[in-house]
Number of protein chains: 2
Amino acid sequence: MAELNINIKDTILNLLENKKYSSIKDIFATMNPSDIASIFDEFSEQQLPIVFRLLPKELAADAFAEMEAETQEHLIHGFSDKELKQVIDELYVDDAVELVEEMPANVVRRILSQADADMRRDINLILKYPEDSAGSIMTTEYVSLRPAMTVSESISHIRATGVDKETIYTCYVTSNRKLMGLVSVKDLLLAKDNSTKVSEIMEENVISVDTHTDQEEVAKMFSKYNFMAIPVVDSEKRMVGIITFDDVMDVMEEETTEDLAILSGQTPTDKPYLKSNPFELFIHRIPWLMILMVSSTFTGIIINHFETALAANVILTAFIPMLMGTGGNSGSQASVTVIRALSLGEIEFSDLPKVIFKEFATSVLCALALGLVCFGKLMLLDRLLLNNPELTLEISITVSLALSVTVIVAKIIGATLPIFAEKLKLDPAVIASPFLTTCVDALCLLVYFGVATALLF
Amino acid sequence: MAELNINIKDTILNLLENKKYSSIKDIFATMNPSDIASIFDEFSEQQLPIVFRLLPKELAADAFAEMEAETQEHLIHGFSDKELKQVIDELYVDDAVELVEEMPANVVRRILSQADADMRRDINLILKYPEDSAGSIMTTEYVSLRPAMTVSESISHIRATGVDKETIYTCYVTSNRKLMGLVSVKDLLLAKDNSTKVSEIMEENVISVDTHTDQEEVAKMFSKYNFMAIPVVDSEKRMVGIITFDDVMDVMEEETTEDLAILSGQTPTDKPYLKSNPFELFIHRIPWLMILMVSSTFTGIIINHFETALAANVILTAFIPMLMGTGGNSGSQASVTVIRALSLGEIEFSDLPKVIFKEFATSVLCALALGLVCFGKLMLLDRLLLNNPELTLEISITVSLALSVTVIVAKIIGATLPIFAEKLKLDPAVIASPFLTTCVDALCLLVYFGVATALLF
């Protein structure tokens with residue numbers, strides 16, 4: 001089947017030019033809010049309000065919530081107050097909060113003035129929680145039931161109030177705002193007797209999070225317990241909101257992006273790559289580059305210290321990049337593995353002896369394999385390739401031995417540094433990479449020149 | 001509030017010794033299947049079957065599904081055929097498939113002989129799909145409705161059949177096994193008229209995946225569209241199963257672990273760190289270490305080529321680690337950022353010119369900042385610290401200039417390599433890191449010695 005590459009956006013633009021508005025409406029009706037949002041992100045500021053008015057009413061708010069901040073801002077500028085109110089009323093509270101967080105102050109004022117009182121109160125409630133906390137990503141729109149309600153009363157209650165709720169499938173049983181238990185729509189639907197009380201079928205051991213719990217912690221609980229939603233309680237154990245699985249998926253994606261940025265020596269950002277200008281990228285990248293460049297003064301001092309030895313055996317210089325490179329790679333294999341195991345909760349501080357043993361055994365195997373191959377390569381390949389009479393047996397032994405020792409040291413430091421960082425309540429990823437590089441580079445050179453001094457002079 | 005650190009496992013062991021079986025039962029009844037599973041993973045092979053018999057019946061299969069393979073195997077050995085049948089009957093098909101995939105052949109035979117005919121057919125169906133495909137992670141237990149059913153018939157149908165389904169909340173409307181649309185329980189419950197036909201309220205534009213779609217692709221669709229479940233269809237568009245959000249969260253976690261392993265030069269594995277023995281770790285780590293060590297022959301050749309120049313200016317050697325290190329860091333910042341943007345679908349091949357421009361501008365800023373600081377540091381700090389008369393103005397200029405050029409080259413190569421890899425349908429992460437290191441190291445030295453030759457000799 002040949003691929004058909006007609007861009008739906010071009011089709012819509014074409015129809016727009018020819019004023020075929022009802023056809024555009026029909027096309028939108030076949031589309032998903034996310035896909036509609038992606039198309040809207042490409043329209044011009046002038047086209048946006050016109051095309052928005054063609055959206056089926058039930059899709060408009062959902063699609064709006066998925067658009068990029070810039071598009072949303074343009075749209076709001078083009079909206080009448082009445083249109084703005086319609087969209088805001090239809091938004092889920094958590095989407096409204098995200099909108100408010102991303103808009104400039106004057107737009108925020110307009111949004112809040114159009115929101116109804118309940119919505120405004122909920123937005124302000126959520127806004128007061130710290131960034132990346134459970135409170136800041138929760139929504140206040142959940143179904144709450146009373147313990148004394150029967151199954152059929154509960155179902156009627158859901159029917160009456162469910163339309164505005166983020167999820168109706170997990171209902172929370174509260175009494176004086178305290179969380180007493182949860183009951184799923186599945187439990188209600190499958191209940192044998194419609195007059196059974198909710199308090200009899202509810203699950204009482206409910207796992208909840210605190211408004212201040214870190215969002216990464218929340219994500220871990222979801223993937224451990226397979227929740228569809230988790231209740232959020234305040235310090236007096238009163239229920240204030242829920243977090244649903246779809247928001248947690250966004251958190252997981254964000255956290256992965258953040259971890260990758262940190263591991264590659266950048267300060268993390270929420271901004272997509274193509275939206276970041278070079279100056280912003282520079283600001284996120286320069287700190288570690290600068291720190292690592294300056295910290296390499298140590299390696300410079302070490303090399304300088306052995307200058308006379310190096311001058312007599314310049315060939316030793318040729319292997320510095322290989323030694324430092326292999327040391328760095330060995331260390332980062334161990335550190336990234338341990339950082340990931342820590343963040344998945346697979347290991348903790350008390351596992352330190354096990355980790356050290358495992359890394360020692362692994363590194364001895366790697367050291368043996370690399371040392372032997374290196375020695376063989378030096379004696380056979382490099383002697384021919386580099387064609388250098390200086391590449392003696394002693395030099396080959398020095399390089400291979402230094403390589404083996406470096407690999408072992410690098411793996412053990414790489415694996416233990418993140419564990420100590422975590423123990424000290426520091427982010428293992430932030431601490432491990434720069435310290436690791438600096439330590440391993442310096443130790444690698446000391447080992448190399450140490451072995452060389454012992455064997456060659 | 002002081003932290004109370006009584007391990008629930010110790011309490012249960014204690015109760016077990018004193019034969020307080022009914023108290024253990026009561027404790028389990030307050031617990032979540034995941035937490036029960038974590039505790040079971042720590043019991044001995046002898047204790048396992050005894051404790052398992054104390055689990056409330058409705059929790060037993062769920063907890064079993066969450067246990068580690070080793071624990072499951074020990075339990076199965078301790079089960080009578082009847083007990084095994086009870087557990088298997090209660091498992092969801094996708095959990096049963098995972099179990100079968102992880103057990104040795106003789107255990108698999110016992111499992112399949114106890115499974116009922118439907119379960120056996122479904123297990124075999126799913127097992128035939130390639131690893132990491134949508135077919136291999138789907139479950140066959142979904143609610144299917146006919147287009148002609150009314151809302152109340154649908155609800156009765158869900159009530160009658162829902163207990164064994166992985167999710168009842170999204171129901172699929174099929175006709176001759178072809179997927180016609182979907183309807184959510186929310187739509188059914190909130191429908192105004194109970195005699196409305198499903199075909200009138202169903203969503204007809206259903207996004208589905210093919211049995212062979214890669215699981216990473218499936219995960220992307222979930223986080224884009226906020227699905228609770230996605231239908232899986234075969235090549236004739238007949239519906240064969242669904243994938244639910246909880247399985248997708250596991251996929252997202254797995255894929256992140258895999259990406260981190262690949263980026264740190266390891267072949268990925270599903271096995272948790274503490275369960276991997278040193279030999280397995282060695283096998284996953286040695287290939288790239290070996291390849292990178294051997295490929296550093298190039299840097300050796302380059303250094304060797306400039307041996308005479310280096311012998312005359314040994315101080316130049318002192319800056320090789322700093323130059324190669326900063327080059328490597330600059331390159332990996334760019335490559336990791338671009339790899340992540342590619343995997344989030346933020347950029348594609350046609351964005352190459354934008355990426356090159358962005359990285360060029362960013363790298364010029366970084367190069368200026370690093371070059372100036374380096375020059376200042378060399379002239380002020382290093383002259384004093386290294387106390388070396390060789391550290392002349394010319395040398396400082398050489399080093400700073402080489403540094404700046406290296407940073408620019410490294411960032412552009414780092415950003416473009418993954419894009420070309422993706423275009424060639426190769427995994428950007430696998431290709432980018434080793435090529436990047438080798439290219440940047442070699443180019444860095446060529447630039448350094450090139451500048452040195454021009455300025456110093």
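Me: Which domains does the assignment give for chain A?
Reply: In this predicted model, the assignment divides chain A into domain 1 (8–128), domain 2 (137–245) and domain 3 (296–456), with bounds that come from an automatic or database domain assignment. Residues are numbered from 1 along each chain as its sequence is written, and chains are lettered from A and ligands numbered from 1 in the order in which they are written. Local features need pLDDT of at least 70 and side-chain atom pairs count only at pLDDT 80 or more, while totals for chains, interfaces and linings use all residues.

Me: What separates the centres of domain 2 and domain 3 of chain A?
Reply: Taken over C-alpha atoms, those centres of chain A are 53 Å apart.

Me: Switching to the sheet, in what order do its 3 strands come?
Reply: The open sheet of chain A has the order 1-2-3 with mixed pairing, where strands are DSSP runs of E with at least two residues, numbered from the N terminus, and helices are runs of H or I with at least four; two strands pair if DSSP finds at least two bridges between them.

Me: And which are the edge strands?
Reply: Strand 1 (142–145) and strand 3 (178–184) of chain A, each of which pairs on one side only.

Me: How many bridges join strand 1 to strand 2?
Reply: In chain A, strand 1 and strand 2 (residues 167–175) run parallel and are joined by 3 bridges, and Leu145(A) stands opposite Val173(A) in strand 2.

Me: Now chain B: how many residues of chain A are in contact with it?
Reply: 95 residues of chain A are in contact with 95 residues of chain B, contact meaning that C-beta atoms, placed from the backbone, lie within 7 Å. Helix 20 (residues 320–343) of chain A gives the largest share of chain A's side, 14 residues.

How values were computed: Contact = placed C-beta atoms within 7 Å.
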